[in-house]
Amino acid sequence: MLEALREALSWLKKQRGLEYAEVRFVDEGTESIRVRDGRVEAVQEADLLGVGVRVIADGAWGFASSSGGDAASATRAAERALTVARATAKTVRERAKIAPIEPSKGRYDTPFVRDPFAVSADEKIDLLVRATESARRKGALVRRAEARMGWVRVRKALVTTDGTEVIQRFVFGGAGVSCFAVGSDGVAQRRSLPASMDGEAGQGGYERVDAMDLVATAERAGEESVALLSAEPLAARSDATVILESSQLALQVHESCGHPCELDRAMGTEISLAGGSFLQPSMLQGFRYGSSKVNLTADATNPGGLGTFGWDDEGVRGTKTPLVQEGMFVGYLSSRETAARLGVASSGAMRADGFGRAPLIRMVNVNLEPDPRGPTLEELIADTDDGVLLETNKSWSIDDLRLNFQFGCEVAWEIKRGKRVRMLRDPVYTGVTPRFWAGCDAICGPSDWRLWGITTCGKGEPMQLMQVGHGAAPARFYGVELGHG
Amino acid sequence: MDERLDAMLRDAREGLARSKVPAAEAFVHASDRGFARFSRGELDQHVELEERRAVVRVAHTVDGRSQIASVTTSDISASGIARAATRASEMAKVTPVTEGWPGFATRDEPAPASRSSIAATMRSAEERAGAVGRILETCRERSLAAAGAFESSEHRTALVNTLGLERAQRTPFATCKVFALDAGGSSGFAQQTRRSAADIDVDAIASRAVDKCMAGRDPVALPPGEYDVVLEPSAVVELLEWLAFTTFGAREVADGTSAFAGRIGERVTGSNVTLRDEGAGDRSFSSAFDREGTARSSLVLIDRGVATSVAYDRLYAAREGRASTGNAAPPSSWDDAPIAQSLVMDGGSDTLESLVSKVDRGLWITRFHYVNGFLDPRRTLMTGLTRDGTFVIDRGARGRGVRNMRFTDSVFEALSRCEGLSSLIEAVPTWWSDGGAFYAPAVLLRGLRFSGGGVDPPPA
């Protein structure tokens, strides 16, 4: 594999005007199984491999991709990337520059105990079938119970004109369940566990699923989906006290911290799809993002994180970067090009979706750090006189600068005088990012901190989906607006 | 027929034959895409992508009951397809039975409607760069930064199954969008989407975006509340995309989570609203057949305000004793349930300007951002924000720019208050489907509910 990449790189180095090149091979194998109401809906595998080449020539960027992993495919992509860069060069006014790095040679492998691709389809399907059946046993009002499991293995190699040559092998995946209950009045409620969308996902092997107790999780999802049908809606109010459990908090971090801390967004290069960022470079070190309790980091070294790697797709070693320290905005997720504009080193956040897309700044594991002396969730609830605990994301929406957000959750628990007193449905909360984080007065301790995974973070054009991680422990916020606003 | 389509059909046919799998289907997709993305006044992400994918689905049938599995590969040669078929066959044998599986489509299926051919549209890198250069210059002349993208792509799709069904089609796609931005935070948006890149008028798009940006300078903040709105087609399509996800598919209707559940034959919107899924015909951007080979039709989903039809694939149709409507999910999608992929909302008799003239005090909205339709799909309750060109309408004329606002409202209820549609309908790309687009007119809606006013960014 490396030989084919070296051959394409060697050809590129001989070409007039070439200033930088990276040649990347990716072979991505996936497996997914979906079961619905005890019936298999889909059993699928995929194997997509090819080469992506990105160059700077005559001061301009060019990228091209080609299916196939041989030297001919790599060289074909290299030729086209060079053609694209030279065409682009006729329009540029500011020459492309990237921050220098020390070249790397090495290898990264996801550690795992049980290879998920060696586990039989029978075993996986049996687990998912039993999970959906246990949810359906919670009554006829459970209209649909779904369980899904997905696994991905990635072989990736990168060679660059800096002298970097690295090989990485990733294994990640997970499972989850969701139930829909529909009442006689037509009200529909969904309950997804351990989290919405992807369930629980992370790097590692099948031991992740072995540890989940998916059947018991599904039983709880079925039970709570039915209970929600008779729960009262959460009343709208301003100035509420809210505790977010960690999977919802992970999405809150993703949308209101991770994306605005992407330096390409802050510099305006993502305007045409996702938008910009309210966090501008001039605000570094001087802008209060949240209360002094709030510490946010971008950490590509967390064991088991979907944003964990040895090197990013520009050859920058995975590292930990503070984004918010004691409430102050201090750092960005960056690339070699954007970091060079600020005169700093790249944070190592450039990743591409497969071989066929150019790398973009993506979140790694963007985490809300736990309070080392923080309470447990139960202690935090006991310390709350009048509030609500919100669990599991249902809907999400935030503006193009990442300021004005609205999140819906699947379930709320009313808290009175330190106790959960009843379930409520259809919770929605609304806020403005720095005001919301300024209201954070307590974060639970390390024992409640959990690293979640999102496998479908969309960004870029053509669209790229990326796997990112978010660690969070439950936290409490004051002055929150409940309801649609 | 196009030589490359011929080759794709031949390789798919040969691959399935070599595998000796008795019941299989190969859906082969090849795209060559040129994509020039620009920002900060520079062409800074310019790419050429060669995308190849074959999805091979196999049915292992014993005593009339079938076990199904599929394998996707980027190797679309005959040997790659044969390997995928062999692997899918192994997987199918250990997969539980899929209840209600109707089998693959036969060669007797109705043929898809033919389409007029479009000349080659894959502009060279130099031509794309030149087109973007003109856009950048138009914005610079007004001291505005430009962002956006110009895409010219060729998609080819071929389908072969072991029952002798063969389909093939080339679907070119071109789109250009421009954001003109000033230093004070005003932005203007315009776009065109066509089947041929030759029909894209980049100068007109750039001028329109510049006009929007200039007109929106020094925006005012308005309080939440109900406003009469004129939505441009880009804003309407954002709402239609979420209706496609949550409302029209057979699974969501059967589950009771769709706003169509139990309401077929009932009025759901105003009588001036007709919405169809139009996969056939010259203006569609999708292939004229779905991933199972079923010919797409003109499926009327809402007929003059009344919920009429639901989108089916072969499996969901068989389970309900119906015929597929040609709405099998594309193989790249996250989910397998049937989905409307080519929505067209009928126009009315107005122009954009005449719609605006009917509003005494309201909002002109160019597009929405980050709409989410999962709040309460039974009610089609959605939330989202305005972006890139929102204006006060004052006594029937466009007024000052308005800071972005958040709406939260039921889309069906809002469409029940629709008091006008433009006769011109525009194609707008769907963000979740590369190479796909919906058509919509501009619409006038009375009393759209805005739950949040504009938020000023903190000082930089």
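Student: How do H2(A) and H3(B) lie to each other, roughly parallel or roughly perpendicular?

Tutor: This is a predicted model. In it, helix H2 (residues 71-89) of chain A packs on helix H3 (residues 125-141) of chain B at an angle of about 30 degrees. Angles under 35 degrees count as roughly parallel. H2(A) and H3(B) are therefore roughly parallel to each other.

Student: What's the distance between the axes of those two, H2 of chain A and H3 of chain B?

Tutor: The axes of H2 of chain A and H3 of chain B are 8 Å apart. H2(A) passes H3(B) in a right-handed crossing.

Student: Which residues make the contact?

Tutor: From H2(A), Thr83(A), Val84(A), Ala87(A) and Thr88(A). From H3(B), Ala125(B), Glu126(B) and Ala129(B). By class, the contact of H2(A) with H3(B) has four nonpolar, two polar and one charged residues.

Student: Now inside chain A. What about helices H3 and H5 of chain A, how do they cross?

Tutor: Helix H3 (residues 121-136) of chain A and helix H5 (residues 214-230) of chain A cross at roughly 30 degrees, and their axes come within 7 Å. That makes H3(A) roughly parallel to H5(A). The crossing of H3(A) and H5(A) is right-handed.

Student: Which residues of H3(A) and H5(A) meet?

Tutor: H3(A) brings Leu127(A), Leu128(A), Arg130(A), Ala131(A), Ser134(A) and Ala135(A). They meet Leu214(A), Val215(A), Ala218(A), Glu219(A) and Gly222(A) in H5(A). The contact of H3(A) with H5(A) divides into seven nonpolar, two polar and two charged residues.

Student: Zooming out: how is chain A divided into domains?

Tutor: Domain 1 of chain A covers 2-230, and domain 2 covers 233-482. Their C-alpha centres lie 21 Å apart.

Student: And how many residues are in contact between domain 1 and domain 2 of chain A?

Tutor: 57 residues of domain 1 of chain A are in contact with 46 residues of domain 2 of chain A.

Student: On to strands. What does strand S11 of chain A pair with, and does it run parallel or antiparallel?

Tutor: S11 (residues 296-299) of chain A is joined by four bridges to S12 (residues 320-325) of chain A, and they run antiparallel. Asp299(A) stands opposite Lys320(A) in S12(A).

Student: How many bridges join S12(A) to S13 of chain A?

Tutor: Two, and S12(A) runs antiparallel to strand S13 (residues 328-329) of chain A. Gln325(A) stands opposite Met328(A) in S13(A).

Student: Which residue takes a positive phi in the hairpin of S12(A) and S13(A)?

Tutor: Glu326(A), with phi near 45 degrees. That hairpin of S12(A) and S13(A) has two residues between the strands.

Technical notes. Residues are numbered from 1 along each chain as its sequence is written. Chains are lettered from A and ligands numbered from 1 in the order in which they are written. This is a predicted model: local features need pLDDT of at least 70, side-chain atom pairs count only at pLDDT 80 or more; totals for chains, interfaces and linings use all residues. Side-chain values use heavy atoms; hydrogens and water are left out. Two strands pair if DSSP finds at least two bridges between them. Axes are lines fitted to C-alpha atoms, for helices over the stretch in contact, and angles run from 0 to 180 degrees between N-to-C directions. Angles under 35 degrees count as roughly parallel, over 145 as roughly antiparallel, 65 to 115 as roughly perpendicular and the rest as oblique. A crossing is left-handed if the near helix is turned anticlockwise from the far one by less than a right angle, and right-handed if clockwise. Contact means heavy atoms within 4.5 Å. Ala, Val, Leu, Ile, Met, Phe, Trp, Tyr, Cys and Pro count as nonpolar, Asp, Glu, Lys and Arg as charged, and the others, Gly among them, as polar. Domain bounds come from an automatic or database domain assignment.
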